[in-house]
Amino acid sequence: SENPDSQGFLSKLLAEIKGKPFYITMYKTGKIREIKNFDSIFFNAFKKIPEMSEAQKQQLKEQLTKNFGDKAFKGNFETVTAIFPEKPVSIGSNWTINTQMEAGMGAMVSTEYILKEMNDSYCIITGNGVIKTDDKDAYIQISGMPTRYNLLGTTLLTIKIDRKSGWVMTSDSKQNMEGNVEIKDNPIIPGGMTLPIKFESQLSIGSK
């Protein structure tokens, strides 16, 4: 988004959606009840990139909807907000939260949280999670090709929470996943293909 003059369509698209509002209704536990206007932000941004062909727009829309549509964004956002226990806890207490992710592939994240520190201003909790893709035998369509993922990973989190409001002040997470992706026999790739996957990601979030 910081280099919209580049030749990459994605940079221009991200520059268009930056700063656009969307709306979230959230339960006290951090679980999200509803997201509004997130899909439309992407679709309106496409109208401002006339140099893209219709085929390119359609392909990019399909990919972005899988990774950043309302359903996918809900799961991604809940990994940061759906962190609170259902009953009061004290320092050293632990609890487990299960979150469904839909970013292009279905995956369940089961995270054990521990309240590490607490004072009058903030609380510190840490999380240790296991990520596992859903039914590894189920194929989904990606760019017109039947594809399935079989991945397993871990995530580590450190989260600072405002004691008064309950809002997340900062969140740092590190994620590791590996496994394979299998593309079924199709006209684009006759005979199909199986590819190994291994990746790491780091995410830092801070509220203004």
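Among contacts in the protein (heavy atoms within 4.5 Å) between residues at least 6 apart in sequence, 52% join residues at least 24 apart. The model is predicted: local features need pLDDT of at least 70, side-chain atom pairs count only at pLDDT 80 or more, and totals for chains, interfaces and linings use all residues. Residues are numbered from 1 along each chain as its sequence is written, and side-chain values use heavy atoms, with hydrogens and water left out.

The protein has four helices and nine strands, taken as DSSP runs numbered from the N terminus (helices H or I, at least four residues; strands E, at least two). From the N terminus on, their order is α-β-β-α-α-α-β-β-β-β-β-β-β. The accessible surface, from the Shrake-Rupley method with a 1.4 Å probe, is about 12,800 Å², and 53% of this belongs to carbon and sulfur atoms. Of the 208 residues, 30% are buried, meaning under 20% relative accessible area (1.4 Å probe, protein chains only).

A nonpolar core is a set of buried Ala, Val, Leu, Ile, Met, Phe, Trp, Tyr and Cys residues joined through side-chain atoms within 4.5 Å. The largest one has 13 residues, and Ile83, Trp95, Tyr113, Ile125 and Ile159 have the most contacts inside it. Two or more residues of this core come from each of β3, β4, β5 and β7; β7 gives the most, with three residues. Apart from this core lies another, of ten residues, including Ile17, Phe38, Ala45 and Phe73.

Ile83 touches Thr29, Trp95, Ile97, Tyr113, Ile125, Ile159, Ile161 and Val168, not counting residues up to four places away in sequence.

In helix α2 (residues 38–46), the buried residues include Phe38, Ile41, Phe42, Ala45 and Phe46. These residues lie on the same side of α2 because they cover an arc of only 135° around the axis, the arc being that of the directions from the helix axis to the C-beta atoms.

Two ring contacts are listed below. A charge sits over a ring if NZ of Lys or CZ of Arg is within 6 Å of the ring centre and within 35 degrees of the ring normal.

| Contact | Geometry |
|---|---|
| Lys160 over the face of Tyr122 | 4.3 Å from the ring centre |

The pair links distant parts of the chain: Trp95 is in strand β3 (residues 94–101) and Tyr113 in strand β4 (residues 107–118), 18 residues apart. Both Trp95 and Tyr113 are buried.

Terms used
Buried means under 20% relative accessible area, exposed over 50%, partly exposed in between (1.4 Å probe, protein chains only).
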